[in-house]
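I opened my notebook to get to know this structure step by step. Here is what I looked up, in the order that made sense to me.

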Amino acid sequence: MRIDIITCVPSLLTSFFSHSILDRAVKKGLAEVKVHDLRDYATNKQKQVDDYAFGGGAGMVLKIEPIAAVIRKLQAERSYDEIIYMTPDGKRFDQPTANRLSMMTNLILLCGHYKGVDQRVRDIFVTSEISIGDYVLSGGEIPAAVVADSVIRLIPGVLNDETSALSDSFQDNLLAPPVYTRPADFEGHSVPPVLLSGHEANIEAWRAEQSLKNTLEKRPDLLGDLD
Ligand code: ADE
């Protein structure tokens, strides 16, 4: 899978993608992430990528020409499954969306900044819009990193233990059960004995029960209407 991220603050993203799982996915050849600096596509000498809003009002708007130029350049090189604009008024991101996107081949993530992008970018180029939650960040870079991380870790072969993505919270609309490691006793706080029993079926049953208990306590909304 290839993800192209378009931003006017590339430095916010480059260090993020050179770490941990994402770096491993790139090195294994399972994912490719390219960050594009909008300023490289600015058409005037000042490398201006934003301008005042028509009709007035506070805040700058990202101009359409540099965005159109980078998107068209990328589209000339390969076809894209989706061009996704990161925006607080997009569809709320969730695990089913991450699962769906992880099956795509080429994605563009467009990061807004300031007051956002000229509406015509959304009308002409964008195929879907994603929000990572009901709060406003200063740009779409952190949301793009969130989406890329959650999608890339789902690509088969990226995680060492293939089953570990399947046992993540949310994969069955259930939160994950608690996990423990050594020591078995820390200052009198001991690990549930079933986990030390070696009895696989009992361990699995305990985990399923804890998952349900966790979800009922913390996120009952995930279970929907039980009756
Ligand atoms: N840009 C600014 N805030 C955002 C959010 N909550 N989700 C996606 N993109 C954003």
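**Entry 1: the two domains**

I began with the whole chain and found that 37 Å separate the centres of domain 1 and domain 2, taken over C-alpha atoms. Domain 1 covers 2-152 and domain 2 covers 169-226; such bounds come from an automatic or database domain assignment.

I noted the ground rules too: this is a predicted model, in which local features need pLDDT of at least 70, side-chain atom pairs count only at pLDDT 80 or more, and totals for chains, interfaces and linings use all residues. Residues are numbered from 1 along each chain as its sequence is written, and side-chain values use heavy atoms, with hydrogens and water left out.

**Entry 2: the sheet**

I looked up the strand order next and wrote down S2-S1-S6-S5-S7, an open sheet of 5 strands with parallel pairing. Helices (H or I, at least four residues) and strands (E, at least two) are DSSP runs, numbered from the N terminus, and two strands pair if DSSP finds at least two bridges between them. At the edges I found S2 (32-37) and S7 (128-131), each pairing on one side only. From one strand to the next, the twist averages 30 degrees.

I then checked S1 (residues 2-7), which runs parallel to S2 and is joined to S2 by 6 bridges. Thr-7 has Asp-37 in S2 as its bridge partner.

**Entry 3: helices on the sheet**

Which strands does helix H3 touch? I found that H3 (residues 64-77) packs on the sheet and touches S1, S2, S5 (82-92) and S6 (106-111), where contact means heavy atoms within 4.5 Å. The direction of H3 makes about 165 degrees with that of S1. Axes are lines fitted to C-alpha atoms, for helices over the stretch in contact, and angles run from 0 to 180 degrees between N-to-C directions.

Helix H6 (residues 141-152) lies across S1, S2, S5, S6 and S7, and runs at about 155 degrees to S6.

**Entry 4: pockets**

I looked for open space, where a pocket is an open set of points on a 1 Å grid over the protein atoms alone, where a 1.4 Å probe fits, with protein on both sides within 12 Å along at least five of seven lines; lining residues have an atom within 4 Å of a point.

The largest pocket has a volume of about 430 Å³, the space filled by probe spheres set on the grid points. It is lined by 17 residues, and Leu-166, Ser-167, Pro-177, Arg-207 and Ser-211 are the closest to its centre. Helix H8 (residues 200-218) gives the most to this lining, with 6 residues.

The second largest pocket holds about 350 Å³. Among its 23 lining residues, Met-86, Thr-87, Pro-88, Val-136 and Leu-137 lie nearest its centre. S5 gives the most to this lining, with 5 residues.

**Entry 5: two backbone details**

I marked a cis peptide bond between Arg-182 and Pro-183, with omega about 5 degrees. Pro-183 sits in the loop between helix H7 (163-166) and strand S8 (185-186).

Lys-47 is not a glycine, yet has a positive phi of about 60 degrees. I placed Lys-47 in the loop between S2 and strand S3 (50-52).
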